[in-house]
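Here are my notes on the model, as numbered points. Please read them with the structure open.

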4 protein chains.
Amino acid sequence: MIITLIEEATEAHLKKITDTLLEYGWKATHVQTQSARYLVGIAGKEIDIRSIGVLPGVLDVHRVTDVFKLVSATWKVKPTVINLGDGVSIGGGGHTLMAGPCSIESEEQVATTVDFLVSQGIRVMRGGVFKPRSSPYSFRGLGLEGLKMFARVARDKKIKIVTEVLDASQIAAMYDYVDMYQVGARNSQNFTLLDELGKVDKPVLLKRGISGTLEELLQSAEYIFSNGNEKILLCERGIRTFEKSYRNTLDLNAVPYLREKTHLPVVVDPSHGIGVRRFVPAMTLAGIMAGADASLLEIHQSPEHAVSDGAQTLSFSEAAQVARQVAALVALRESIG
Amino acid sequence: MIITLIEEATEAHLKKITDTLLEYGWKATHVQTQSARYLVGIAGKEIDIRSIGVLPGVLDVHRVTDVFKLVSATWKVKPTVINLGDGVSIGGGGHTLMAGPCSIESEEQVATTVDFLVSQGIRVMRGGVFKPRSSPYSFRGLGLEGLKMFARVARDKKIKIVTEVLDASQIAAMYDYVDMYQVGARNSQNFTLLDELGKVDKPVLLKRGISGTLEELLQSAEYIFSNGNEKILLCERGIRTFEKSYRNTLDLNAVPYLREKTHLPVVVDPSHGIGVRRFVPAMTLAGIMAGADASLLEIHQSPEHAVSDGAQTLSFSEAAQVARQVAALVALRESIG
Amino acid sequence: MIITLIEEATEAHLKKITDTLLEYGWKATHVQTQSARYLVGIAGKEIDIRSIGVLPGVLDVHRVTDVFKLVSATWKVKPTVINLGDGVSIGGGGHTLMAGPCSIESEEQVATTVDFLVSQGIRVMRGGVFKPRSSPYSFRGLGLEGLKMFARVARDKKIKIVTEVLDASQIAAMYDYVDMYQVGARNSQNFTLLDELGKVDKPVLLKRGISGTLEELLQSAEYIFSNGNEKILLCERGIRTFEKSYRNTLDLNAVPYLREKTHLPVVVDPSHGIGVRRFVPAMTLAGIMAGADASLLEIHQSPEHAVSDGAQTLSFSEAAQVARQVAALVALRESIG
Amino acid sequence: MIITLIEEATEAHLKKITDTLLEYGWKATHVQTQSARYLVGIAGKEIDIRSIGVLPGVLDVHRVTDVFKLVSATWKVKPTVINLGDGVSIGGGGHTLMAGPCSIESEEQVATTVDFLVSQGIRVMRGGVFKPRSSPYSFRGLGLEGLKMFARVARDKKIKIVTEVLDASQIAAMYDYVDMYQVGARNSQNFTLLDELGKVDKPVLLKRGISGTLEELLQSAEYIFSNGNEKILLCERGIRTFEKSYRNTLDLNAVPYLREKTHLPVVVDPSHGIGVRRFVPAMTLAGIMAGADASLLEIHQSPEHAVSDGAQTLSFSEAAQVARQVAALVALRESIG
């Protein structure tokens, strides 16, 4: 059950509502986000929600039977739009392309990529500076200094930045240089990280776990939301399966499912989702017809020389062709929808 | 290695080629299909294939390093087109819709479905009469009599029939009433069935195993081809994963991969692939952008009353809308390809 | 619901019982096995089973809520013992070792293996003559002639034979030469094969599907049982997982689970279950402590020269050591049980 | 390649070795653990390791082709023994039982459990105070205060404490109250946490990821080791599979595999590994025969009232019986090994 409180709700109001819920066996959690206040009720007996709706301090009440609550579309039917500023937004119609290299490598690389993005009208750039690697001996990214450089160059052209955060301890230092925090597949259930990202006022792009279920993904989003941050995007990036012909198996079934179950925007990462460069364009287009709000593409001025993930990275000319196809397809999607 | 023989190749020619291969450690299998004769060479030493190419009886020679051979696009670059007669074909461009109920239930049902298909310009009808069921106590289909009725009604309107064969012993009895045999996911490695379907001159729609890899699928197709039948279609129908929000996980990555690796047409079954009726249209469209040559849809005049698979079955009006969207999308796909 | 009928139950009795069930919405299937007659009731309303128990013709009635029925331990608590003759049996206490090569290769090989088994007191020999292979170009076994030779040599020393049947069409021809039919993992849901094995009076060793669930395994066993053959053994042989360090993942959890859910004996195949020769002994012993009634081992006089599966095959001296360890462990298991 | 340095190795020595390696394309990482100094060489050309062995500063050199290095048994053949003090150790022979509740709930609960452990001669107690939960609304443990209470009661009886750490920020505060840090399945690739645990001088029990491979597990251990901490235990706790009859699938294949590949001790967690109380004893015993160095059991004075994981938790009397069986089995294992 989700109870939205009026702005002026007092402690006395809260106590009365909480006590009433408790009578029926409901445990209430008070949630104060950056835009509203809620009480989330868990696991009680059947109850006529109107008896709660009439209490002072209550704006409205919804029954939510999903295990996730505040991220559920049962409660908030209207799609959430993530506004990144400067006219860049994700969700609520249309399709947003986000592109960039796997790893930030050099200022020259960032500048070249930014120029390419500008030429294509792409406004969001991805690029890792903290890289999760299976082996401790692999390249782990340029770190915070790399991020500062990335921000300096990109913001000069009003390009928005999305980059991965690996640990709660990095959030504050990264804050001034990111427009969107990315949580990677391996951290999809790093609850400390999720808790802390809930206390920040910047959007969070949350990737599905490597073998994670969608219910787990939505509950991880609930961690962020219930800590205060309503700006969340969910990203399908491929799951682990037995198929060894490609890196991961992009689960596009997740797209229509998530679009029904949650009000949060749904992003597809076809680069990790198939992991084979020449198949990425087809899977980007497939993701759009599945209903994706945005795509996250790995691109590089010279994929053969990328320090990581070159095998799944598009060249600029390939990316430009995808961008043209995406534009045509999104127009069609809207006309036949 | 694949050696295509000239039509007039003699036993003496064959012996000479086989002996030459043997010298280099290659084991040769003679394959006589309905359209040509081949020698398939397996597992020998590096060899200059021109030394085979010059032997009498040889039309051409190709090196094929895949574990599958005759179904490989390394050897036969040109896409295979499956011709079902009466101007109905699959593969080689465009997109073919195939639709029908999970189970054939009654003459009235078949007639109504046929009429709907005719109204939509859909020329291939699916419908099961032999149903594989996990439990022996479930409905197992109308059997051969049902198939005869299905054929009588459908052929009257020039609708082609695809239906599942469960066992090699059924092939002959079904022959006069089917236009395409379907091999289901549970039989994807029923090698006796595959061997015997290789001896028939009608197309075979081969579904991927429930947790089967694409290499296994292609090798199963190789069974059919190497027994003589070149008319094979490969079908992605969803794999088993941990995700319980839908019946299976439609692996659309398989589509661009298969289109690169094999000359055989690629079919997508979004009905089984997601198993949730209201998500089937999105996944059909996604499959088309992934590159599918055909889609296989479950439809029913009254999905709520279908004897099996109702939860994933489209109504006629839903199917008609999908057909319209498909037409628009296929046109776009060809224009931006 | 399972209704055991008295031997003398008449058609009139059956009709009365069936009609009574139908009133409550139960569909009854008449099952005549080689040892008894049953009515299996499916999917009706709550009913006091005593009202069925009092009908003429009824010996007893059990409520079975599992989706599988006649193989359920809810109904038949006493473990089934599979008697292979000559004092060889499986189930109901103790542990039976079965061993032999992956493929039958030659008379000399069979004779040598038989002599080894006799020296160890092992009474059941495995050995494939029909081999399921992913590729049509691989060795597919010596076939029926190989089986006849196998039987001639083994029976001379009273060694019982278990070998794989690939297709229903092979059952009759194999009948005189096998003591137990094996159904492989790829055929675990080959329902025609299961139906036909239900009509034979020899035991069937049914392997779990490559990614099959235990509920599916038990329902496949139900196919055999409901066609008349009560002599079934269930075999855990490893499932497909993401782990690539070994061939399959032996799921020993299945052993205590199956022993609780069914009255049928449970066999473990550690050779396929891990697929690495030097780890097979540890997994055999682990399987025994998990509760297995029997183990199925791949052994060969010279594993390095085996035509198939050499990598997971024990030498005779390794097998002899395992046999000694098994004997000590089974004694302990009984003393601490 | 692993180069063990002599204690007195100087910067000049290091430079010379590193430069020599670099000539052959090897990247060297300097590792200073709490007991020794190493250079780990990665990814260079074939090289005669004797040419490195003769350099000043080098104690010895080993070629290690595994992707993991310092945790490999290729390099260090002798099993690592984890010494917890007061005569409690894990690894190097025998079998150590560790037991306790899923969650620490109260002082009374801890005291009762400690008394039970003492009565059984069990010296290590598990108990969670920071609980990872899929939902933010679930009970998340008693936290640091709970840990302090746990330590006060347990240490009074010389019982060693193992408890889960969720985030690097908790390590320091927990330090005085734990004898072994546990890293849970969801954090198996939380590289920041692994890095930081590498800087502590207390043992780390590292659980395999929910769908993690063993190679990933060993590389995660390499993170800890290469940061300085050699005291690591690896724990198989069940993987996610399609089987829904139990919570996870305990992969006992991992035990002989890990015992061959690494010198670190191998722990089995049968409670999470099957998740069904009445099957836990069989799987504990199976784990021992697979070769486990230790078992981690969930026990509770009243499993029906446990705040978490009651369904997989043994009562004290069940645990006492398991302990007796374990003692008998370990004795046998040593006699037949």
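1. Helix α10(A) passes α10(B) in a right-handed crossing (the near helix is turned clockwise from the far one by less than a right angle). Helices are DSSP runs of H or I with at least four residues, strands are runs of E with at least two, and both are numbered from the N terminus. The model is predicted: local features need pLDDT of at least 70, side-chain atom pairs count only at pLDDT 80 or more, and totals for chains, interfaces and linings use all residues. Residues are numbered from 1 along each chain as its sequence is written, with chains lettered from A and ligands numbered from 1 in the order in which they are written.

2. In this pair, A:Ala282, A:Met283, A:Leu285, A:Ala286, A:Met289 and A:Ala290 meet B:Ala282, B:Met283, B:Leu285, B:Ala286, B:Met289 and B:Ala290 (contact: C-beta atoms, placed from the backbone, within 7 Å). The contact of α10(A) with α10(B) has twelve nonpolar residues, no polar and no charged (nonpolar: Ala, Val, Leu, Ile, Met, Phe, Trp, Tyr, Cys and Pro; charged: Asp, Glu, Lys and Arg; polar: the others, Gly among them).

3. Between chains A and D, 27 residues of chain A are in contact with 27 residues of chain D. On the chain A side, α7(A) gives the largest share, five residues. By class, that side has eleven nonpolar, eleven polar and five charged residues.

4. In chain C, five of the five residues of strand β9 (residues 160-164) are buried (20 or more other C-beta atoms within 10 Å of a residue's own, with C-beta atoms placed from the backbone). C:Lys160, C:Val162 and C:Glu164 point one way from β9(C), and C:Ile161 and C:Thr163 the other way.

Note on methods: Contact = placed C-beta atoms within 7 Å. Buried ≥ 20, exposed ≤ 12 C-beta atoms within 10 Å, placed from the backbone.
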